[in-house]
Amino acid sequence: RFASGSLAIENLRVPTGSVSPYSDFQVTLQVRNRSDSRVEDILVNAIGGDALLPKTPAMQQIRTLAPGEAKEIQFTFFARDGIEAKNHPLEIRVEPLHGGSTNDVVIQYTGILVGDTGGGGTPKIIIDQYRIPTDYVEAGSSFPLTLSFFNTHTGEAVRNIRISLSS
């Protein structure tokens with residue numbers, strides 16, 4: 001178990017152009033210990049769903065990270081044949097190997113463009129990251145929530161966004 005906010009995903013690198021079905025591509029990232037103490041038994045998981053399939057183990061373990069230390073992790077994926085040409089989500093999760101709360105999990109989403117979409121289509125916005133810095137949220141009371149949004153379209157900007165949150 002490690003303290004909430006002690007780990008960060010940095011320098012996430014994915015293909016900048018589109019990838020073809022059955023061709024390999026790499027996803028590289030760094031996991032950094034931002035705390036003042038050693039962190040042990042960290043699990044890094046890359047989840048591509050049914051569209052992006054791993055060629056290397058999708059779960060990798062980091063035994064230990066000293067304060068301020070960063071460890072580079074690399075995954076190799078390929079896009080399944082016959083999937084829709086679009087930007088497919090890839091989830092990166094960093095969490096304790098043995099238990100812990102949901103606040104201990106660092107999640108970052110990115111997109112992998114598969115096939116030639118011709119730059120068309122409707123831009124979509126997905127939640128890239130979210131964070132609730134408490135263990136429990138009491139129903140009916142206010143709580144801090146941090147959201148990060150990502151435009152999945154590679155060629156078109158999104159403007160005039162309205163966001164509504166409800167329970």
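A: Start with the order of elements: read along the sequence, the chain follows the pattern β-β-β-β-β-β-β-β-β-β. Keep in mind that this is a predicted model.

Q: How many helices and how many strands are there in the chain?
A: The chain has ten strands and zero helices.

Q: What share of the contacts joins residues 24 or more positions apart?
A: Count the contacts in the chain with a separation of 6 or more; residues 24 or more positions apart account for 64% of them.

Q: How many of the residues count as buried?
A: A residue is called buried when its relative accessible area is under 20%. Of the 167 residues of the chain, 34% count as buried. The accessible surface of the chain comes to about 10100 Å², and carbon and sulfur atoms hold 47% of that surface.

Q: Which residues form the nonpolar patch on the surface?
A: The patch consists of I125, I127, Y130, V137, F143, L145, F149, I161, I163 and L165, and together they have about 910 Å² of accessible area. Strand β9, residues 125–131, gives the largest share, three residues. One member, L165, lies in the segment after β10. L165 counts as exposed because its relative accessibility is 62%, and the limit for exposed is over 50%.

Q: How many aromatic pairs are there, and how do I read one?
A: The count comes to three aromatic pairs. To read a pair, look at the distance between the ring centres and the angle between the planes; planes under 30 degrees apart count as stacked. The rings of Y22 and F78 have centres 5.9 Å apart and planes at 15°, so this pair is stacked. Y22 is in the loop between β1 and β2 and F78 is in strand β6, so the pair ties together parts that are 56 residues apart in sequence.

Q: Are Y22 and F78 buried or exposed?
A: Y22 is exposed, at 56% relative accessible area. F78 counts as buried, at 17%.

Q: What is the angle between the planes of F75 and F77?
A: The angle is 55°, with 6.4 Å from centre to centre, and the pair is tilted. F75 counts as buried at 0% relative accessibility, and F77 is also buried at 0%. F25, F75 and F77 form one aromatic cluster.

Q: How should I read a salt bridge?
A: Side chains of opposite charge can pair when their charged atoms come close. The structure holds five salt bridges. In one of them, the side chains of E72 and R13 meet at 3.3 Å, N to O. This pair links distant parts of the chain, with E72 in strand β6 and R13 in strand β1, 59 residues apart. E72 is partly exposed at 43% relative accessibility, and R13 is partly exposed at 42%.

Q: Where do K55 and D24 lie?
A: K55 is in the loop between β4 and β5 and D24 is in strand β2, 31 residues apart. Their salt bridge has its closest N and O atoms 3.2 Å apart. K55 is exposed at 51% relative accessible area, whereas D24 is partly exposed at 40%.

Q: Which residues do salt bridges with shared partners join into one network?
A: The bridge between E95 and R93 has its closest N and O atoms 3.5 Å apart. E95 counts as buried at 17% relative accessibility. Salt bridges that share partners join E91, R93 and E95 into one network.

Q: How far apart are G48 and P89 in sequence and in space?
A: They are 41 residues apart in sequence and 6.6 Å apart in space, C-alpha to C-alpha. G48 lies in the loop between β3 and β4 and is buried, at 10% relative accessible area. Leaving aside neighbours within four places in sequence, G48 is in contact with F77, P89 and L90.

Technical notes
Residues are numbered from 1 along each chain as its sequence is written. This is a predicted model: local features need pLDDT of at least 70, side-chain atom pairs count only at pLDDT 80 or more; totals for chains, interfaces and linings use all residues. Side-chain values use heavy atoms; hydrogens and water are left out. Patches are made of residues with over 30% relative accessible area and no salt bridge: like charges are joined within 9 Å, nonpolar side chains (Val, Leu, Ile, Met, Phe, Trp, Tyr) within 5 Å. Accessible areas come from the Shrake-Rupley method with a 1.4 Å probe; for residues, only the protein chains shown count as cover. A salt bridge is a side-chain nitrogen of Lys or Arg within 4 Å of a carboxyl oxygen of Asp or Glu. Helices (H or I, at least four residues) and strands (E, at least two) are DSSP runs, numbered from the N terminus. Buried means under 20% relative accessible area, exposed over 50%, partly exposed in between (1.4 Å probe, protein chains only). Rings of Phe, Tyr and Trp (its six-membered ring) pair if their centres lie within 6.5 Å; planes under 30 degrees apart count as stacked, over 60 as edge-to-face and the rest as tilted. Contact means heavy atoms within 4.5 Å.
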